[in-house]
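Visitor: I am new to reading protein models, and I would like to be guided through this one step by step. Could we begin with the way its chains meet?

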Amino acid sequence: MKIRAFMLAAALAGLGVTAVTAADEPQAVRQQLMKKVGKAAGALSGIAKGEKPYDAEIVKASLTTISETVKIFPTHFPAGSETGLETEASPKIWENMDDFKAKAAKLGTDASTLLAQLPADKAGVGAALGILGKDCSSCHETYRLKKD
Amino acid sequence: MGRRTTKLLSGLVVLALAGAGGSWWLTKPAPWDDGHWEGLGEPDLANGEQVFWAGGCVSCHAAPGAQDDARLVLSGGRALKSAFGTFHVPNISPDESAGIGDWTLAEFGNAMTRGVGQNGEHLYPSFPYGSYARMTAKDINDLWGYLQTLPKSTNVAPPHDLPFPYNIRLALGGWKLLFFSDEPRVEVNTADAKLARGQYLVEGPGHCGECHTPRNALGGFETGRWLAGAPNPEGEGRIPNITPGSKSVGSWSASDIASYLETGFTPDFDSVGGSMVDVQKNLARLSPPDREAIAAYLKALPPL
């Protein structure tokens, strides 16, 4: 009985592994990382717009997420991941990898700096989001392609 | 060559000349009567500045890569690649020789709304006069006044680099005959002041359709596909459909759209990208009611 349960669990785990294979591809990983950054920006925006009350812990956690995520983000663009899985990555990334990495690093640095100062109220969060948003768009301007 | 052939040939030449004369008359540059630009009074510079940001002049006329206040120097110099060749954006700073400082209001207005240059020549529609044609004489006067307040630049842009037959300016008269119109692009309920304002901003100064509407082989808009998305004129990727039928932005509410134009964030906190980055920076300078009017108009479009 125990063995059967174990085998079942192993089989299910095997299924699980098959299911996440696509999610392990660099295209999918980096999409997930961008979603994480987006979610953190969304949390900050809720505060900046006054839809959510100011909460220092949420501001701290969001800025930490952004700063840590963009540190690893540019490592997920290996050769061979230029296309597929509905990637919106522009071929220009591979032509100008150093500039692409510099743009990601700028967002990371700006997020870390803001984290060290920690915006103290709704207006501070709004100003912080203005700085971070400019970093997002300055990279997306050149390195992201919309397919629709 | 036989006598007959010679006769036939001269006949053809006469016919061709007559045809050319007729087409010249049909397709010659057509500026407004002088009265259109008279009696407008002192320009309202604050409104001129708003028109300036709505029109997005800096996106093409600022020096390539210029940031912040440097964008207000309209030195030109940017190269616009297209299927018809490369257009070099001219200097429109108030410099008297390199820019347009020696132009009159009428000359500026006719360039903006009729695509007619200072010497009476046709302008290429890479300059979006096909949209600006809808602008009021008052807005043109105010914009002209505002442009005089900007810094001068002595930069001279190279001439356009266009292969035959696109290098023949006369042929642009035919293009205008086929595609130039100052009529509304779609019908919306203009009794609603907000929609009317949105229509003016989007179809006129905002010139959104220039990128968001697909074009035919001659560069005219595909009828019935207003703002339905198009290939990216600058290379790979697509300029999105922004009608309510869009897969990407169709589900956005009017306030989502207004907020995107103000902050650059989409409702799911993706950010603005591509050439829309510059456009969003410009539209962020408009008044909140103007951004709301743009959003209301986009929501009222036929879904495609």
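Visitor: How many residues of chain B are in contact with chain A?
Guide: This is a predicted model, and the contacts between its chains can be counted from either side. On the side of chain A, 17 residues take part. On the side of chain B, the number of residues in contact is 19.

Visitor: Of the residues on the side of chain B that touches chain A, how many are polar?
Guide: The residues on this side of chain B can be sorted into nonpolar, polar and charged ones. Five of them are nonpolar and five are charged, while the number of polar residues is nine.

Visitor: Are helices H5(A) and H6(A) roughly parallel or antiparallel to each other?
Guide: The axes of H5 (residues 97-117) and H6 (residues 122-143) of chain A come within 10 Å and cross at roughly 175°. Their contact includes Leu107(A) and Asp110(A) of H5(A) and Leu132(A) of H6(A), and its residues divide into 11 nonpolar, one polar and four charged. Since an angle over 145 degrees counts as roughly antiparallel, the two helices H5(A) and H6(A) are therefore roughly antiparallel.

Visitor: How are H8(B) and H12(B) oriented to each other?
Guide: In chain B, the axes of H8 (residues 193-203) and H12 (residues 288-299) come within 7 Å and cross at roughly 90°. Among the residues making the contact are Leu195(B) and Leu201(B) of H8(B), together with Ile294(B) of H12(B). An angle from 65 to 115 degrees counts as roughly perpendicular, so H8(B) and H12(B) are roughly perpendicular.

Visitor: Which residue of E2(B) does Ala79(B) stand opposite?
Guide: Strands E1 (residues 79-82) and E2 (residues 85-88) of chain B pair in the antiparallel sense over four bridges, and a hairpin of two residues joins E1(B) to E2(B). In E2(B), the residue opposite Ala79(B) is His88(B).

Note on methods. Residues numbered from 1 in each chain as written. Chains lettered and ligands numbered in written order. Predicted model: local features only at pLDDT ≥ 70, side-chain atom pairs only at ≥ 80, totals over all residues. Contact = placed C-beta atoms within 7 Å. Nonpolar A, V, L, I, M, F, W, Y, C, P; charged D, E, K, R; others polar. Pairing = 2+ DSSP bridges. Axes fitted to C-alpha atoms, helices over the stretch in contact; angles between N-to-C directions. Parallel < 35°, antiparallel > 145°, perpendicular 65-115°, else oblique.
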